[in-house]
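Please walk me through this protein model in plain terms. I would like to know how its parts are held against one another and where some of its residues sit.

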Amino acid sequence: INLAELDVVIQKNEPYQLYRILVGYDGDYLPDLDSEESRKIRDEKITKIVQDISETNYEEWLTKILLIIKNYPDTEERGEFNYFRKLLNEISKAKPKIGLKLLEEKVFEPFIDIIIAGIWCSTEKETAKDILNDWITQGKFLPAMAVVFEFISEEDLPLALPLIKKLVKKAKTEGDVNTLNHLVRAIGFKKFQNSIKDLQSLLINIIQALTDLKNTLWIQNIWYSSESLFASLSKEEWKVVLDSLVSVPNLNYEAEEI
């Protein structure tokens, strides 16, 4: 078989074409196009998949999806699955009942954060809140809440804050610095204007928890937005920040910025 014939065979292989859409970096998909155009085409294809999947054909789509991630546990380049994560998020957002079905499949545990984040952004926000509350109580999937926080809008903050405070308390009790640092990183992404004081108070609470756990990685996760987040701290709040900085062995660029 020559290369042209082989290419025709590959182009007609539907499972493989689906895999190519959902797995791989921007430059891998359509190398003849620039990243922006390639990204746009993939996003359009993901939108069509989301439109097509339904509770009626769920099992059929589940079979296709499971084929795509069967080697995921052995994958070192997890970044290659960013489009797959986007698909799960968009499905859960547009069709939360299917998102809830995905949560029941153990194989999707590595993607549970992006699925529950999609459900949070859907019409089933209250259901997502109850699920997250249960997880925090049980100490399950704690970093998932930190990822959900990246998707929270400013108007959702009053609903989310009690959950996040409960998560901080749980993570502190369990010595879970990973979850706490995930939350700091999520706060760093936020550009809230009216709720800046809420974010500051939350951040100071987390920094104190991390300091108690002798962890200062929060610096790397927040330095780039520290100017706005630390702009109006009280003297007591600044003391929490500076006390944490005292334990940093070397004042690198990021710590120096703060």
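In this predicted model, Asp156 and Lys125 join their side chains in a salt bridge, with 3.0 Å from N to O. The two partners come from distant parts of the chain, 31 residues apart. Asp156 sits in the loop between α10 (142-150) and α11 (157-174), while Lys125 belongs to helix α9. Is Asp156 buried or exposed? Its relative accessible area is 13%, and because the limit for a buried residue is under 20%, Asp156 counts as buried.

Lys125 also takes part in a contact between two helices. Helix α8, residues 112-120, packs against helix α9, residues 125-138, at an angle of about 140°, and the axes are 7 Å apart. Why is this pair called oblique? Roughly antiparallel would need an angle over 145 degrees, and the angle here is about 140°, so α8 is oblique to α9. On the α8 side the contact is made by Ile112, Ile116, Ile119 and Trp120. On the α9 side it is made by Lys125, Ala128, Lys129, Ile131, Leu132 and Trp135. Sorted by kind, the residues of this contact are eight nonpolar and two charged, with no polar ones.

Phe141 is not a glycine, yet its phi is positive, at about 50°. With a relative accessibility of 24%, Phe141 is partly exposed.

Glu150 pairs with Arg185, and their closest N and O atoms are 3.2 Å apart. Glu150 lies in helix α10 and Arg185 in helix α12 (residues 177-189), so this bridge ties together parts of the chain 35 residues apart in sequence. Both partners are partly exposed: the relative accessible area is 29% for Arg185 and 27% for Glu150.

Lys170 and Glu174 both belong to helix α11, where four residues, about one turn of the helix, separate them. Their closest N and O atoms are 3.7 Å apart. Lys170 is partly exposed, at 24% relative accessible area, and Glu174 is partly exposed as well, at 44%.

How many salt bridges does the structure hold? The number is 14. Elsewhere in the chain, Glu14, Glu60 and Lys64 are linked to one another in a network of salt bridges.

The next stop is Leu210, in helix α13, which covers residues 196-212. Leu210 is buried, with a relative accessible area of 0%. Which residues does Leu210 touch, leaving aside its neighbours within four places in sequence? They are Val177, Leu180, Asn181, Val184, Asn215 and Trp218. Helix α12 spans residues 177-189, and Val177, Leu180, Asn181 and Val184 are among the contacts of Leu210. Glu236 is 26 residues from Leu210 along the chain, and the C-alpha atoms of the two are separated by 17 Å.

Beyond α13 the chain passes through the loop between α13 and α14 (218-222), which holds Lys214. Lys214 has a positive phi, near 60°, and is a residue other than glycine. Is Lys214 buried or exposed? Its relative accessible area is 76%, and because exposed means over 50%, Lys214 counts as exposed.

These details can now be set against the whole protein. The protein has 17 helices and zero strands. Along the principal axes, its C-alpha atoms fill a box of roughly 70 × 40 × 35 Å. Of its 258 residues, 43% are buried. Among contacts with a separation of 6 or more, 68% are between residues 24 or more positions apart. The protein exposes about 14,100 Å², and 51% of this area is supplied by carbon and sulfur atoms.

Notes. Residues are numbered from 1 along each chain as its sequence is written. This is a predicted model: local features need pLDDT of at least 70, side-chain atom pairs count only at pLDDT 80 or more; totals for chains, interfaces and linings use all residues. Side-chain values use heavy atoms; hydrogens and water are left out. Axes are lines fitted to C-alpha atoms, for helices over the stretch in contact, and angles run from 0 to 180 degrees between N-to-C directions. Angles under 35 degrees count as roughly parallel, over 145 as roughly antiparallel, 65 to 115 as roughly perpendicular and the rest as oblique. Contact means heavy atoms within 4.5 Å. Ala, Val, Leu, Ile, Met, Phe, Trp, Tyr, Cys and Pro count as nonpolar, Asp, Glu, Lys and Arg as charged, and the others, Gly among them, as polar. A salt bridge is a side-chain nitrogen of Lys or Arg within 4 Å of a carboxyl oxygen of Asp or Glu. Buried means under 20% relative accessible area, exposed over 50%, partly exposed in between (1.4 Å probe, protein chains only). Accessible areas come from the Shrake-Rupley method with a 1.4 Å probe; for residues, only the protein chains shown count as cover.
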